[in-house]
Amino acid sequence: MYQIVSATVGDFGVGAMSRYSPPKRKRVGRPRQPVIIASMLGVLLVLAAIVAWCYYSSSLHKANLLTTDRLDLNKDGFVIRSQTGVVIFKMEFRSGTLDLDSCSKEGQILRCDKSMAGNIHFFIETVKPKDTVECYRVRWDELEEHRLVEHAMSCSGSHWYGGAETWLQHWPIVLKGHQAPKPFITGDIHSNHQAFGGILERYWLSSNATAIKINDSVPFHLGWDERNRTLWFQARYNDSPYRPDPDNPHHVTLSYRVCVGLDVTSIHKYMVRRYFNKPNKVPSEAVFRQPIWSTRALEEVNQERTLKYASDIKKNGFNCSHLELYDRYTSGYGEFELDPIKFPNASAMFQKLRQDGFQVTLWTHPFVNYNSVNFGVGIERGLFVRVPGSQLPALVRWWNGIAGILDFTNPEARDWYALNLRTLKNKYGVASFKFDAGETSYLPQQFSTFVPLQDPSTFTRRYTEMAIPFNDRAELRSGYQSQNISCFFRIIDRESLWGYTLGLKSIIPTVLTISILGYQFILPDIIGGNTYSNLTGLPDRELYIRWLELSAFMPAMQFSLPPWNYDDEVVNIAKKFTALHESLVAPRVLELAGEVLYTGDPIIRPLWWIATADEAAYKIDSQFLIGDDLLVAPVLEPGKQERDIYLPAGRWRSYKGEYFDKGPVYLTDYPVDLDEVAYFVWSG
């Protein structure tokens with residue numbers, strides 16, 4: 001029973017309690033174990049709460065450490081966001097995950113020292129080179145021996161461009177199937193459809209206004225996965241043609257730079273100005289204005305047929321920037337003198353051609369066949385790429401036989417090759433040379449060079465340098481970091497087909513791709529494709545005409561199979577478009593060519609160049625711009641005399657005099673006759 005004690009206000013408290021003496025009660029024994037257990041559980045719960053709070057606080061702190069203004073890093077990769085918070089770039093770490101406890105933040109640099117697989121050196125540094133551009137330098141050094149580094153870039157949610165020529169060329173890039181990472185080196189896609197092309201750069205560009213450039217020092221392998229829409233960037237030395245730094249032979253590094261801009265055009269302009277070589281001169285104006293004529297399509301190349309070919313060009317009323325003497329003019333491959341049987345009076349032939357107004361160029365290549373008189377010279381003087389650990393030449397197979405390949409890292413080989421070219425030039429008054437091949441794929445699997453090549457594609461760069469003394473009219477078909485060679489670059493040989501596999505439809509995607517890679521003085525290969533691979537003889541007549549019309553809007557034109565092999569109508573169409581090229585296209589191209597020396601901007605441009613907010617423009621691969629004000633829409637389908645045309649926003653005047661100013665607009669089934677190309681001029 002409780003005892004009730006009266007208390008005044010203010011007595012309730014310690015004083016009141018002190019005057020209260022509860023009655024004594026008899027102690028009753030009861031078990032203590034539940035109390036102890038409950039107390040222990042309470043302590044554990046308190047400790048767990050404290051640990052959870054500490055972990056939560058640490059996680060918040062770590063999350064803050066691994067974030068910069070627009071980049072979020074986690075153990076599996078990183079994302080970059082737009083200014084509005086939308087993810088515009090995503091990279092996944094495929095070869096290992098970061099140990100976030102090893103990560104720290106120093107200003108705008110995020111660093112990590114460990115992955116779950118071992119010791120690494122990893123960092124992402126945010127730099128802002130200008131107000132409208134933000135870049136992220138990424139580097140992963142794998143410090144454990146014999147490990148590779150692989151990151152996967154998501155291509156979802158945007159359109160991507162760049163990389164390399166390919167056998168099946170699309171614009172934008174289309175990922176097909178699953179490809180394990182393979183060496184990203186120059187190759188001949190005409191002979192190996194799975195190779196990367198002869199012109200490539202480690203650069204990709206996205207419609208999300210992001211661009212990525214892989215560093216030159218990386219032993220770079222590229223793969224992809226269609227299902228997940230990812231490109232795989234891998235660095236490795238094992239089972240690879242790349243060679244490690246002798247001072248650090250066991251460790252690999254993957255490093256690259258991602259840059260984000262306001263729009264795709266402005267970020268590309270920044271990347272080109274910052275990272276690409278640029279030409280230091282514009283090639284011959286005549287080549288931009290008048291077509292090249294090549295003897296390639298002649299059944300036999302000799303003095304009589306060459307003179308007749310030149311005579312027919314004049315007789316049919318065509319101009320000529322220069323006549324290209326292609327293949328089969330020497331006694332053997334690797335020799336530098338005209339075959340005296342085929343050309344009994346070569347000096348007189350060259351003199352006659354000059355009198356008739358023809359400049360002449362000669363075909364050349366880096367091979368010396370084993371049965372050439374110069375093969376022994378090459379062995380004696382050590383001019384060839386060698387078998388490793390030996391002075392023997394490493395023989396290679398190319399499309400004209402088995403040969404040694406000249407080692408252009410060797411100054412003596414360069415001097416010997418250049419001397420032979422200069423001798424031809426001086427003896428016959430040759431204007432320049434067509435430099436064929438040069439791709440890394442023609443090196444043997446195991447080889448040794450005078451200067452060791454850590455990156456095999458450096459061989460391509462060294463070969464293209466041989467064109468510099470002749471670059472006014474020189475022609476190359478391979479290029480790696482070669483934009484400053486300042487000559488014409490020809491896309492790989494086309495087949496006499498309509499489609500995307502080296503056919504007519506592949507020309508615009510290929511030209512746009514290598515333009516984005518910084519190569520602006522472009523030859524779109526010979527009109528009609530290469531008939532030597534077409535067993536039916538002449539290319540389809542309609543195909544030849546549509547090819548001719550497209551070529552008229554390229555920086556330069558090149559004939560081999562002459563239009564008079566068809567009929568008078570084809571000849572007249574050819575005259576019409578060579579004249580249009582000279583009067584309309586060439587002046588615009590030459591003006592843009594002068595700007596290339598300072599800007600590196602494309603001459604042939606995609607539609608999105610002037611319509612960066614137009615989603616439709618990012619997917620169009622059958623139209624293009626010359627500069628910003630001339631839009632071209634050729635017919636690329638057989639049996640068609642109409643096509644759909646997309647005009648970006650603006651006021652456009654057609655070649656027929658029509659005005660369209662409600663853009664953007666689709667013109668459905670726009671009529672285009674067989675002797676026409678639809679083109680439109682920006683009119684404000």
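How many of the 11 residues of helix α11 (residues 541-551) are buried? The count is 9 of the 11, so α11 is largely enclosed by the rest of the structure. Buried here means under 20% relative accessible area, with over 50% called exposed and anything in between partly exposed (1.4 Å probe, protein chains only). This is a predicted model, in which local features need pLDDT of at least 70 and side-chain atom pairs count only at pLDDT 80 or more, while totals for chains, interfaces and linings use all residues. Residues are numbered from 1 along each chain as its sequence is written, and side-chain values use heavy atoms, leaving out hydrogens and water.

At the start of the helix, a side-chain oxygen of Asp-540 comes to within 3.2 Å of the backbone nitrogen of Glu-542.

Zooming out, the protein has 12 helices and 34 strands; these are DSSP runs numbered from the N terminus (helices H or I, at least four residues; strands E, at least two). Of its 684 residues, 56% are buried. Among contacts with a separation of 6 or more, 67% join residues 24 or more positions apart.

Gly-198 sits in the loop between β10 (178-183) and β11 (200-206). At 4% relative accessibility, Gly-198 counts as buried. Leaving aside residues up to four places away in sequence, Gly-198 touches Glu-165, Thr-186, Gly-187, Glu-439, Arg-477, Ser-478 and Gly-479. Ser-441 lies 243 residues from Gly-198 in sequence, yet their C-alpha atoms are 9.0 Å apart.

A cavity is a set of points on a 1 Å grid over the protein atoms alone where a 1.4 Å probe fits but cannot get out, and lining residues have an atom within 4 Å of a point. The largest cavity has a volume of about 130 Å³, a volume being the space filled by probe spheres set on the points, which are joined across faces, edges and corners. Of its 18 lining residues, Tyr-329, Glu-335, Trp-363, Thr-364 and His-365 are the closest to the centre. Two or more lining residues come from each of β18 (360-364), β19 (367-369) and α8 (411-428), with α8 giving the most, 3 residues.

Key
On a 1 Å grid over the protein atoms alone, a cavity is a set of points where a 1.4 Å probe fits but cannot get out, and a pocket is an open set with protein on both sides within 12 Å along at least five of seven lines; lining residues have an atom within 4 Å of a point. A polar contact is a pair of N or O atoms within 3.5 Å; within protein, one must be able to donate a hydrogen and the other to accept it, and residues adjacent in sequence count only if both atoms are side-chain atoms. Contact means heavy atoms within 4.5 Å.
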